[in-house]
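Please keep the sequence and the structure at hand while reading.

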Amino acid sequence: MRNRYLDLLRAVAIVRVVVYHVTGLSLLTVLIPAMPVMFALAGSLMAASADRSGLGAVGRRLRRLLPSLWVFAAVFVPAMLLTGLAWEPRVLLWLLPLQDPPANGWGAQALSANWYLRDFLWFVLLSPAALWLFRRAPWPTLAVPYAILLACEFAGWAPPVVVRDIGLYFGAWMLGFAHHDGLLRRLAPRRLLALAGVLAAAGLAWTLTHPGPRGYDLNDIPVGNALWSGAFILVALGFADRAEARLRLSARWERVVTVLNARALTIYLWHVPIIVGVTLFALDRGWPVLGAAGSGWRLAVVAVALVVVVALVGWVEDVAGRRRPVLLPGRRRAAARPAASSVPVSPAPIPVSPAPGNPIPADPETLPMPPDPFPDDPVPIPISPVPIPVSPAPGAPDPFPDDPAPVPVSPAPGAPDPWREPAPEPVTEPEPAAPAPDGPEPVPAGPAPAGAVLHAHVGTGEHLVHAAGGHDPALPAVPALALPVLIDLAAHRKPADGRPARRAEPARAGRRPARRRTSS
């Protein structure tokens, strides 16, 4: 995961480089020593890459650096060859500038900032050995670049320019090693601040007593630059974790920081030729180029031109970093909405139990087909929107405590319950007829009259009688104690009062049968 505080430092450093080259303000080199800060951040990233890839980290760094340089050289090298640059084998150094590649008059001025790429390549190549030594003897290894710088300044040693720059900037690169390995974080804050204070005091004292051609511009004072930059990096990287925890950027500034980091190499390569071209164009027309007015309008024009260049060739950095090329990085992608039909609600068919006595036919052509799990209709098929309540066993906890309890549905008062099976009608035993004063009447012998059939069934301890010409389902089952009365009714006998007897009606629920009148 990227450290937004380190990204912010890099973005501030690249902006400071552009502003300094437009305005030439020497104070900016003291406020923000941009080039040492950029080397320190690159050293920290190089150590992290070496931990992941070993020696392959060298190839990864070169792969991310060289494509943007080749695009840059593809524009300016042919232009210089057409305007007086002689062809020689050293022109091929534009492919891998381990030394300063050749340039003509205007090219030398426009491409003067490319020393950074030369030093960057050498520092990458030296990093595997330097990191190995640093992790075994950190402080002695860190002192080597500063010793080279002191030898160049005080011993009169005039080494190649690359060696001199190693003494000036490789110390900052190895401070990036220290940051990555946690060496600066393990230092107590007081000791870290004390060490930074000593370096800052020594650097300021040397700068004030040894001004350069442009006054107190640290680019002209190597010893003061190295000491002051070392103090700045110790504080900036030593408290990086605390600064990262407290850093809060708005969405707009987050986008700006992201763009500046993703296009830092493109901005650095192209900003000096643009500044030189705008300045020469203004001088030819007599426009002001110095002071607040001249610096202000040139800075605005350079910024617009850099935006155009970044839009045209900045995508090369994405290709070199094996990222998807974009016009401007940092745009937030909208979350993709899943399609409505991408996930069916329930692809399994719902089993349906057949009604009793109506089994499912065995012929597969007549079997009901299950629903299509991936229908063409994007609307999913709902499955049982009403939850079926499941009653747990007595004493067991409810397995679905969050589900709402089913609401019982009671029928209206007096209305029949449509879901309840009809209860069997109650059977009321008719009271036996009172005997006549002279005693019970004898039962006539002989068969019953035609049209009356008597059936007696014995199976469950009860005698069931069906009368009036066959099976009458409306006639309820009666106990055997009422058999004489039913036989009397079936024979159509007249009671003692002389009136014909009525056919016995089945008793209705909730209604008591009327008593038969007997003669006194």
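The points below cover the record annotation, the core, the aromatic pairs, the salt bridges and one arginine.

1. The model is predicted. The unreviewed UniProt entry lists "transmembrane region" for residues 20-48, 69-87, 115-134, 191-209, 221-240, 260-283 and 295-316.

2. Two of those spans in the model. Residues 221-240 are 90% helix and 0% strand, with end C-alpha atoms 28 Å apart. For residues 260-283 the figures are 96% helix and 0% strand, and the end C-alpha atoms are separated by 30 Å.

3. Helix H11. This helix covers residues 222-238, 17 residues in total, and spans 23 Å from its first C-alpha to its last, close to the expected 24 Å. It is mostly covered, with 13 of the 17 residues buried.

4. The nonpolar core. The largest nonpolar core has 91 residues. Those with the most contacts inside it are Trp-94, Tyr-116, Phe-120, Trp-173, Phe-177, Leu-237 and Trp-270. Aromatic pairs. The whole structure contains 19 aromatic pairs. In one of them, Phe-39 and Trp-173 are tilted, at 6.5 Å centre to centre and 55° between the planes. Phe-39 lies in helix H3 (residues 34-53) and Trp-173 in helix H8 (residues 161-180), so this pair ties together parts that are 134 residues apart in sequence. Both Phe-39 and Trp-173 are buried.

5. Phe-72 counts as buried because its relative accessibility is 0%, and Phe-76 counts as buried at 12%.

6. The aromatic cluster. Which residues form one aromatic cluster? They are Phe-39, Trp-115, Tyr-116, Phe-120, Phe-123, Tyr-169, Phe-170, Trp-173 and Tyr-268.

7. Salt bridges. A search of the whole structure gives 14 salt bridges. One joins Arg-4 to Asp-7, with the closest N and O atoms 3.1 Å apart. Both residues are in helix H1 (residues 4-23), 3 residues apart, about one turn of the helix. Asp-7 is buried, with a relative accessible area of 3%.

8. A link between distant parts. Arg-185 and Asp-241 meet through their side chains in a salt bridge of 3.5 Å, N to O. The pair connects distant parts of the chain, with Arg-185 in helix H9 (residues 183-186) and Asp-241 in helix H12 (residues 240-246), 56 residues apart. Arg-185 is exposed at 51% relative accessibility, whereas Asp-241 is partly exposed at 40%.

9. Is Asp-217 buried or exposed? Asp-217 is buried, with a relative accessible area of 1%. Its side chain meets that of Arg-214 in a salt bridge (3.9 Å, N to O), and Arg-214 is partly exposed at 48% relative accessibility. Elsewhere, salt bridges that share partners join Asp-100, Arg-118, Asp-119, Arg-164 and Asp-165 into one network.

10. Arg-64. This residue lies in helix H4 (residues 56-82) and is partly exposed, at 35% relative accessibility. Although Arg-64 and Val-316 are 252 residues apart along the chain, their C-alpha atoms are separated by 9.3 Å. Not counting residues up to four places away in sequence, Arg-64 touches Leu-265, Ala-320, Gly-321 and Arg-323.

How values were computed: Residues numbered from 1 in each chain as written. Predicted model: local features only at pLDDT ≥ 70, side-chain atom pairs only at ≥ 80, totals over all residues. Heavy atoms only, no water. Core = buried A, V, L, I, M, F, W, Y, C linked by side-chain atoms within 4.5 Å. Buried < 20%, exposed > 50% of the residue type's maximum accessible area, 1.4 Å probe, protein only. UniProt positions renumbered as here; feature names shortened; annotations may be inferred. Helix = DSSP H or I, 4+ residues; strand = E, 2+ residues; numbered from the N terminus. Contact = heavy atoms within 4.5 Å. Salt bridge = Lys/Arg side-chain N within 4 Å of Asp/Glu carboxyl O. Expected span 1.5 Å × (residues − 1). Phe/Tyr/Trp six-rings, centres within 6.5 Å; stacked < 30°, edge-to-face > 60°.
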